[in-house]
Each structure stands twice: as C-alpha cells, then as structure tokens.
Amino acid sequence: MSTEQHDVDAYGQELARISHHQHEATAARFTVFQALAAVGIGHEQADEIVATLEAGAVAGAHTWISESSPPHKSEPRFEDGWFAGVRDVASYLLRIADTTASTGRGRAASNAMLLAHVSQPVSPAPEEAPAEDPAPASVPPLEAKDVLAAAERFPWAVAAPGERHWPDGGDFLDVALRAVRPEEREGYIERLEAFVEQHRKRLEEMLRTHGPGSRPASHGRYALIGQPETLVIVERMESAPFLLRGQWEKELETVFLDDLEFVWGPRIRLSR
C-alpha cells in the first residue's frame, strides 16, 4: 500500500470516528433536554445549560492543546513552528468555545417539538379509517429539474460547472427535496429564491472560503459547497433541520452534511 493510499484510509477512519462521536453527542443532547424538561426547566435555561457544557468541552480541548509540547530534542525551528501552530489552533478553539456558549438558542424547543411529533399515536390503517373520511388532496411533487434550474440562476452562490465535485448531484437534491413538507411544495421555488437573495453575502463568503479551489477543500472536505443542490440543502437546514437529517441518514454519508453544517452555522446545529 502506498503512503498516499495509507493517508487516505487513515483520514477516512478519522472521519468515521468523528461522525460516530457527533451522532452520539446528538443522542445524548436529546436525552439531556428530555431530562431537563422532566424536572421543569424551561427551554431557555435548558439551552443555556447545554451550551455551557458544550463550551466547557471545547475549553478542555483548548487547555489540552495549549499544554502540548513538541517532541523531545526537536530542533529550534521545528519547536518555533510547533508553538506557532499550537497558538493558532488554541485561538480557533477559543473562538469556537465563545460561539458555542452564546449560540444554540432554540434547540430545547425544537427538541420538544420533535419529541411531541415522534410520540404521536400511529394513524389507523386505511381499512380501519371511517368510510366517510374524505381522501386527502393530492399534493403535486416538486420537480427536481425545476428546482435545480432555479438554483443555477445564482452563479455567485455556486461554482462553475467544471469546478464542481459532482456534475450530477441528483442524490443530494432528491434527499433535500424529501425534506420539503407537502404543505411547503406550492411556491417552494419562489421561497428558495427569496432565501438565496436574503443570504447572498453569507453564501458568497462560504463559496469563497470553502468552495472548490479553496485551501479547506484541497484536503478533501466540504465537497458539497459550490453545488447548486446545496442551496436547497442549506435552506432546509434552516427550515426543517431534523427532517433533513432524518432523510439524509437513511441514504447518504453524514460527513457531507456535517461539513456543510459546520461552515454554514445554522441556528439549530445537529452535529458538533
């Protein structure tokens, strides 16, 4: 096995382990919110408690990194580079801790809504339903080609076709569209266009800093950034985060969604 192949395999294993920890943290956070609600703690206080704990975990990583030392008997130039790198990483971790402590509002309320949804009794089978109940009105499906055409109208938010990781990102688009609720389908394209216009600066910055050709993307991460399908994904990330992740985890590698969530910074973050 070549050194390059070994590095790729090792990196893939790291991503798998990170993904595992993120899933475990999401489940644990869900349990903590349930426990806090059970003893009468309100949503705002629950958000503050969990955000404080998570910020503390990041602060612990900051301490561990800050106290690390270069290998024994390293050359002075190597030591200088080591400590410079440690300072950069530690500063970044400090910013993450500060952000974590001040964000995350609304997660307890969303958790309660999700719990209420999954706790609803199962609807009766069709043969058990009263005969006089009217059949639900059919909702026209969203045409993927129409949504994609709308996304392509924003060249400042997507990479040029030749620079994209996937010329055809249909699988990602299909999953994102399944996170559009039936009652949202009518007029969804107009809603998507308004969302993109509203977040133009944010989308431009994300494409510039993490899109194709950027330094972070050169390491094989953030592969969704620059795809036109991603405009739908981030819109759903803001509008229906639990539904999006639930659909995603059934079919696709979550690391793609986790990377995008990290860069976009939605109001409800389901990975940490």
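Student: Is W264 buried or exposed?
Tutor: In this predicted model, W264 counts as buried, at 3% relative accessibility.

Student: Which charged residue sits over the ring of W264?
Tutor: R202; its charged end is 3.7 Å from the centre of the W264 ring.

Student: And how are the rings of F195 and W264 arranged?
Tutor: Their centres are 6.2 Å apart and the planes stand at 45 degrees, so the pair is tilted.

Student: Where do F195 and W264 lie?
Tutor: F195 is in helix α8 (residues 188-198) and W264 is in helix α12 (residues 254-264), so the pair ties together parts that are 69 residues apart in sequence.

Student: Is F195 buried or exposed?
Tutor: Buried, with a relative accessible area of 9%.

Student: Changing topic: how many aromatic pairs does the structure hold?
Tutor: Five. One of them is F78 with W82: the ring centres are 6.3 Å apart and the planes are at 40 degrees, so this pair is tilted.

Student: What is the relative accessible area of F78?
Tutor: F78 has 44%, which makes it partly exposed. W82 is also partly exposed, at 29% relative accessibility.

Student: Which residues form an aromatic cluster?
Tutor: F172, W248 and F256 form one.

Terms used. Residues are numbered from 1 along each chain as its sequence is written. This is a predicted model: local features need pLDDT of at least 70, side-chain atom pairs count only at pLDDT 80 or more; totals for chains, interfaces and linings use all residues. Side-chain values use heavy atoms; hydrogens and water are left out. Rings of Phe, Tyr and Trp (its six-membered ring) pair if their centres lie within 6.5 Å; planes under 30 degrees apart count as stacked, over 60 as edge-to-face and the rest as tilted. Buried means under 20% relative accessible area, exposed over 50%, partly exposed in between (1.4 Å probe, protein chains only). Helices (H or I, at least four residues) and strands (E, at least two) are DSSP runs, numbered from the N terminus. A charge sits over a ring if NZ of Lys or CZ of Arg is within 6 Å of the ring centre and within 35 degrees of the ring normal.
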